[in-house]
Amino acid sequence: MGRPGLREYKKRKTRTALLDAALELFLARGYEQTTVEQIADAVDVSPRTFFRYFASKEDLAFDHMVELERLLVGHLSARPGDEPPFTALFTAYRLAVREMKNVSRADTERYLKIRRLLDATPALLSRAIARTAETERRLTALLAEREGVDPATDPRPALAVALVTSAFRVGFECWDGVASMDDLVARVEATLDLAERALSSGWED
């Protein structure tokens, strides 16, 4: 009965070890100079084992973005159908960012390392922007479905998502002086509050 749980624990442990080793190598040697083989060697596994957990070394750098997208899509999907679109979006973002308060100190350190890595690697930063755009497209499609409109002809879902996402991003980027994840979450929520007060909770036909 305990074997499946043990296997999952070992898989999570290996995955975390690969992520930690990669971040240390990226920051010490540079992202472009670090190979999959070096990351695998640091954890004493084979490159084949590495690819069981990550499709590429880029996936390591954007692991947090994949999780954020999962949370946002899940929370937006769960909002009541009669909730105004902006309210649904702001609530989904707040719920996603609040889950960051529950992460461990080690997870917080990983996030800070990823931020340092992106700041130091222009190529990765541009890819992060592209990934953010893909998340926006997913949220736009989901919001359009909720509101019963076609995003190909109605720009309101894309505009709403872009506005709320921009507020969210500003909250994260203005992080000078932030001492903890709780402080960062509070900063993001305050920025979302400012944006929500400036926007209507619905849209006009």
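Predicted model: local features only at pLDDT ≥ 70, side-chain atom pairs only at ≥ 80, totals over all residues.
Local features need pLDDT of at least 70 and side-chain atom pairs count only at pLDDT 80 or more, while totals for chains, interfaces and linings use all residues. Residues are numbered from 1 along each chain as its sequence is written, and side-chain values use heavy atoms, with hydrogens and water left out.

The protein holds 10 helices and zero strands. Helices are DSSP runs of H or I with at least four residues; strands are runs of E with at least two. The C-alpha atoms fill a box of roughly 60 × 45 × 30 Å along the principal axes. Of contacts between residues at least 6 apart in sequence, 68% join residues at least 24 apart (contact: heavy atoms within 4.5 Å).

Of the 205 residues, 40% count as buried. Buried means under 20% relative accessible area, exposed over 50%, and partly exposed in between, with a 1.4 Å probe and protein chains only. The accessible surface comes to about 11,600 Å², by the Shrake-Rupley method with a 1.4 Å probe. Carbon and sulfur atoms account for 54% of this surface.

The structure contains four aromatic pairs. Rings of Phe, Tyr and Trp (its six-membered ring) pair if their centres lie within 6.5 Å; planes under 30 degrees apart are stacked, over 60 edge-to-face, and the rest tilted. F50 and F51 pair edge-to-face, at 5.2 Å centre to centre and 90° between the planes. F50 is buried, because its relative accessibility is 0%. F51 reaches 46%, so F51 counts as partly exposed. Ring pairs link F50, F51 and F54 into a cluster.
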